[in-house]
Amino acid sequence: MDYKELMSKAAKARESAYAPYSHFRVGAALVAKNGNVYLGCNIENSAYSPSVCAERVAFFKAVSEGIKEFDAIAIVGGKEGETSTLCAPCGVCRQVMTEFCDKDFKIVLGTSEKFEIHTLEELLPLAFSKDGVK
Ligand code: THU
């Protein structure tokens, strides 16, 4: 997988971020096992709690189209005007990833110039998963 290119796609998705309250703009590019790439950006709301993260937008776009198997997600985010920060996914997004992804699902963080690759198991150890409720 070309992670640099995936990070570029996440950076492009970030351009659509709607973040007038936090001014923290995030883009995500999610690769499905069939090769499709789903993009997401954070979308905030004046009532605050309806706001949604870029990662979940990407996941829900894919799942709403019947796609439920994934290999990797690239995430690019930071305060408006900043390009070199590392944006780690929030706990809720990690839990959503756990619903659809294996422990070795790759999470790529940073920028297209400098990034690091983590697994889902590293970022959410001892996760509560669907096996727990079967
Ligand atoms: N946000 C994301 O979209 N993804 C993350 O991984 C962290 C946080 C959004 C939520 C909110 O719109 C803004 O960034 C500040 O928290």
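Biologist: Which helix gives the largest share of the lining of the second largest pocket?
Modeller: Helix 2 does, with three residues. This is a predicted model, where local features need pLDDT of at least 70 and side-chain atom pairs count only at pLDDT 80 or more, while totals for chains, interfaces and linings use all residues. Residues are numbered from 1 along each chain as its sequence is written, and side-chain values use heavy atoms, with hydrogens and water left out.

Biologist: Which elements supply at least two residues of that lining?
Modeller: Strand 1 (24-32) and helix 2 (DSSP runs: H or I of at least four residues for helices, E of at least two for strands).

Biologist: Now the largest pocket. What is its volume, and which residues are closest to the centre?
Modeller: The largest pocket has about 300 Å³. Among its 15 lining residues, Thr-98, Cys-101, Lys-103, Ala-127 and Ser-129 are the closest to the centre.

Biologist: Which elements give it two or more residues?
Modeller: Helix 3 and helix 4 (120-123). Helix 3 has the largest share, three residues. By class, the lining of the largest pocket holds seven nonpolar, two polar and six charged residues.

Biologist: Different topic. At what angle do helix 2 and helix 3 pack?
Modeller: Helix 2 (residues 54-64) and helix 3 (residues 91-100) pack at about 25°, with axes 9 Å apart. They are therefore roughly parallel (under 35 degrees).

Biologist: Which residues meet there?
Modeller: Glu-55, Arg-56, Phe-59, Phe-60 and Val-63 of helix 2 meet Val-92, Cys-93, Val-96, Met-97 and Phe-100 of helix 3 (heavy atoms within 4.5 Å). That contact of helix 2 with helix 3 has eight nonpolar, no polar and two charged residues.

Key:
Axes fitted to C-alpha atoms, helices over the stretch in contact; angles between N-to-C directions. Parallel < 35°, antiparallel > 145°, perpendicular 65-115°, else oblique. Nonpolar A, V, L, I, M, F, W, Y, C, P; charged D, E, K, R; others polar. 1 Å grid on protein atoms, 1.4 Å probe; cavity = no way out; pocket = protein on both sides within 12 Å on 5 of 7 lines; lining within 4 Å. Points joined across faces, edges and corners; volume = space filled by probe spheres on them.
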